[in-house]
Structures are given as structure tokens and as C-alpha cells.
Amino acid sequence: MKTILLIEDNEELRENTADILAIAGYQVLTAENGMTGFEKLLEHQPDLVICDIMMPVLDGFGVLHLMQQHEAVKDTPFIFLTAKTERADFRKGMGMGADDYLTKPFSGTELWETVANRLRKADIRRKEFPSNLQGMNSLMYEATGKGTLEGLAEGRNTDKYRKKQVIYTEGNHPTRLFFVQKGKVKTCKTNDQGKELVLDIYAEGDFLGYNALLEGTIYKETAVAMEESEIAVIPASDFQELLNNNHEVAAQLIKMLAKNVTDKEQQLLGLAYNSLRKKVAEALLNLLKKYNPPKGTPLVINISRENLANIAGTATESLIRTLGDFRDEQLIEIKEGAVVILNEKKLANILA
């Protein structure tokens, strides 16, 4: 049960508002002035604060200011409750870090919707999402709802790509977000000698090309279809509108991008210093982590040996030889050219 602290000096309004919140299933704490409210805030650390602006002893601005000085409560969602509608008061409150306003008089439905929305966004802000495309999809689903997520790609122009056809090229400026409706896509970089390194693989249901859009820079990699693929094209302006209208999505994406930087650094260190066995084992485990099959279901990696070698950062011949060793050790199985991971734990032990 979520706990809400209501700070309001008008007794009748305070009791009526508390009753409305209790009907919705919230536990409600009340305070008749800002100082008492702040003391209860520190003591109980509620999930959300609803606070009047004009109050004796300590006004709402003072409560918000003191709250932001204490680490334990500074990120608590804060809603101002006020009869004043002057633009300056709204600007001052939002500038100080308030999350929302409710203007008196308000209906019970308005109160419930505002509280539920702020609590949901606070939960998203606190939650940890995997720093990959599945994490992004989960984030957008929780932040916007299933219909909106599907709608972002629904009804868009769909481009068909042949195997090895380029979708976007390193060095170009991004104008679109891409959504894989069918097939597989890899992002890669190639050095001056023509050696390719696969950075990531995207499958049905994945977005790609969003890093450059978020950074406002050129593409740092090239995207290529690994097989016959169908890609929905989403204008960059629509993606930016989603971010601008949902700060929780933007904040979490920044966190995920930062985690991706750390992961890429670890990948580069592994490519530089790991043994051949470690490189191949790590590539297989990274693919296992990305596709995350149901527990007890083996992962089937059905990509070419060349692409798998490029992910591992080794020669194709060396990869094939190492896969043969893993098969003999019963770590994997090879069926019709696909690699089936049989023993994740033993593969992980190679990296220890």
C-alpha cells in the first residue's frame, strides 16, 4: 500500500481529500501546517507528498526547499495543492522541483489520476532496466502503455532489406528510428584493413538507431541486414516528441546509455586481452543474455560463423575450431549449423 502525506491547513479540505485518497486504497498521513508536515515527512518517508502553498508556520515552498536538503526524501514526488493560479507561482514551484499541481477546487477523479500518474512515474524512475534494446522496450512499455508503444511503429512505412543490405551507414546524420518487424540486423564497425567487429544484434521487436538520435550526433556504426528483413521507419521527430513529453523515459534512457558505455569498455578490454576460448565463450554468453530464452530452454544461435566470429573479435577459422572444442566438452551442440548452448554455467567458468 502506498503512503501519501497530505499537508493542508484547511481542516475541512484536509479531511475530505484524505477520505478521497483512502477510498482509492492509499494510506494517508495528514498535517495542518508545513513544519508539522516536514517532521512527518522525515519520520515516515511517504511515497508521495501533497502540499498546500499558503500555510502558517512554514509554507509549501519552504517544505519543498527543506525536503530537497535531505537525501532520504529529496526524490519523493511532490504535488502542490493551491487555490492560486498565477503563472509566477506555477513557474516558481516547478523551478524548485515540484512534480505537479492540483488547483482547488478539484474533483476526486482529478486527484486520483494525478496521484496515480506521479506514483507510476516515480516507480519507473527507481526501477532498473537492462541496458539493451529489451530494456528500452520494457521502459517504453511501462512509461507509455502497450498501445502507445505499438503505435510508435504501427502504420509506418515498412522497408524490405535483402541479406547484407545496409540500413544506415557510419558517419551519416540520423533522421529516423528503425523498428525490426522481421529478420535480424547487426551493427558493426570496420577498420582500415577491412576487419569487421559486430557491436550488437537486433531481432524482431527491437528498435535501433536511437543512440545517435539521443546524442544528436552522427551514426557511430553501420547497420546491416543479416537476413531478409522488414524494418518500420519512424521519423526522428516522433521519437523526440515521446522523449520530450515523458521525462521518465528520457532519464532512464540516459542511464541505459551510460551503462552501455561501460559494457562496451568491458567488451573492448576482453577483445584486447582475453584468450581465444574466453572471447568465444563471452560472445555466446552475451547472446544468451540478449535473447534471454525461458528458463530451462536452450538458446539456439542461428547466425553465420562469420558474424559470430566478428562478435567474438576473432578469425572465422579460429571460431570454428573453438566451437568444436566446446562441442567435445559438451558445452554446446551444433545442429544444422546452429549453435545450441547446453551448459551456461561451465561456459561462464571459462571467463572466471
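These questions and answers look at confidence and aromatic pairs in a predicted model.

Me: How do you know how far to trust the protein chain?
Reply: The chain's mean is 81, and 76% of its residues reach 70 or more. Local features need pLDDT of at least 70, side-chain atom pairs count only at 80 or more, and totals for chains, interfaces and linings use all residues. Residues are numbered from 1 along each chain as its sequence is written, and side-chain values use heavy atoms, without hydrogens and water.

Me: Which element has the lowest mean pLDDT?
Reply: Helix α7 (residues 146–153), at 48. Strand β7 (residues 166–168) has the highest, 95. Helices (H or I, at least four residues) and strands (E, at least two) are DSSP runs, numbered from the N terminus.

Me: Why is the pair F61 and F80 called edge-to-face?
Reply: Rings of Phe, Tyr and Trp (its six-membered ring) pair if their centres lie within 6.5 Å; planes under 30 degrees apart count as stacked, over 60 as edge-to-face, the rest as tilted. Here the centres are 5.4 Å apart and the planes at 75 degrees, so the pair is edge-to-face.

Me: What makes F80 buried?
Reply: Buried means under 20% relative accessible area, exposed over 50%, partly exposed in between (1.4 Å probe, protein chains only). F80 has 0%, so F80 is buried. F61, at 9%, also counts as buried.

Me: What makes Y168 and F178 a stacked pair?
Reply: Their centres are 5.6 Å apart, with 25 degrees between the planes. Y168 lies in strand β7 and F178 in strand β8 (residues 176–182).

Methods. pLDDT = per-residue confidence, 0-100.
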